[in-house]
Amino acid sequence: MEACKELKEKYDRCFNDWFSEKFLRGIYDDAECAPLLKVYTKCVEEAMKAQNINVDEVNVAHFGTEQEKKTET
């Protein structure tokens, strides 16, 4: 989603910094990146709605369900 590209880049930078500088050292609190993820997620949802993509259908879990078994051919 082009409209969310900058937000994704900001979140990716934050996540990569947190992962390498904190997570790998045993600090698992990602509170500094969580607000960026929320804003980015909201942007993606709004962009999907603008493209008439049903967000609920995308969020459906398929692994290990009957739906997954039907698609295995």
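The structure is a predicted model, in which local features need pLDDT of at least 70 and side-chain atom pairs count only at pLDDT 80 or more, while totals for chains, interfaces and linings use all residues. Residues are numbered from 1 along each chain as its sequence is written, and side-chain values use heavy atoms, with hydrogens and water left out.

## Overall fold

The protein chain holds four helices and zero strands, and its pattern along the sequence reads α-α-α-α. Helices (H or I, at least four residues) and strands (E, at least two) are DSSP runs, numbered from the N terminus. Of the 73 residues in the protein chain, 15% are buried. Here buried means under 20% relative accessible area, exposed means over 50%, and partly exposed lies in between, with a 1.4 Å probe and protein chains only.

Contacts, defined by heavy atoms within 4.5 Å, also describe the fold. Of those between residues at least 6 apart in sequence, 48% join residues at least 24 apart.

## Nonpolar core

The largest nonpolar core consists of seven residues: C4, Y40, C43, V44, A47, M48 and V55. Helix 2 gives the most to this core, namely five residues. A nonpolar core is a set of buried Ala, Val, Leu, Ile, Met, Phe, Trp, Tyr and Cys residues joined through side-chain atoms within 4.5 Å.

## Disulfides

A disulfide is a covalent bond between the sulfur atoms of two cysteines. In this report the term applies to a pair of cysteine sulfur atoms within 2.5 Å. A search of the whole structure finds two disulfides. With bonded cysteines counted along the chain, they follow the pattern 1-4, 2-3.

C4 lies in the segment before helix 1 and C43 in helix 2, so the pair ties together parts that are 39 residues apart in sequence. The torsion about the S-S bond of C4 and C43 is about -95 degrees, and the disulfide is therefore left-handed. C4 and C43 are both buried, and both belong to the largest nonpolar core.

Another disulfide joins C14 to C33, with 2.0 Å from S to S. This pair links distant parts of the chain, with C14 in helix 1 and C33 in the loop between helix 1 and helix 2, 19 residues apart. The link of C14 and C33 is left-handed, with -95 degrees about the S-S bond. C14 is buried at a relative accessible area of 14%, and C33 is buried at 2%.

## Salt bridges

A salt bridge is a side-chain nitrogen of Lys or Arg within 4 Å of a carboxyl oxygen of Asp or Glu. By this rule the count comes to four salt bridges. The table includes some of them.

| Pair | N to O distance |
|---|---|
| K8 and D12 | 2.5 Å |
| K22 and E32 | 2.5 Å |
| E46 and K42 | 3.2 Å |

K8 and D12 both lie in helix 1, four residues apart, which is about one turn of the helix. K8 counts as partly exposed at 37% relative accessibility, and D12 counts as partly exposed at 27%.

Both K22 and E32 are found in the loop between helix 1 and helix 2, 10 residues apart. K22 is partly exposed at 26% relative accessibility, and E32 is partly exposed at 46%.

E46 and K42 both belong to helix 2 and are four residues apart, about one turn of the helix. E46 is partly exposed, with a relative accessible area of 45%.

The accessible surface of the protein chain comes to about 6100 Å², and 53% of it belongs to carbon and sulfur atoms. Accessible areas come from the Shrake-Rupley method with a 1.4 Å probe; for residues, only the protein chains shown count as cover.

F15, F19, F23, L24 and Y28 form a nonpolar patch on the surface, with about 490 Å² of accessible area together. Patches are made of residues with over 30% relative accessible area and no salt bridge: like charges are joined within 9 Å, and nonpolar side chains (Val, Leu, Ile, Met, Phe, Trp, Tyr) within 5 Å.

Y28 lies in the loop between helix 1 (5-21) and helix 2 (34-50). Y28 is exposed, with a relative accessible area of 57%. A31 is also placed in the loop between helix 1 and helix 2, and A31 is partly exposed at 44% relative accessible area. A31 and W18 are 13 residues apart in sequence, and their C-alpha atoms are 9.7 Å apart in space.
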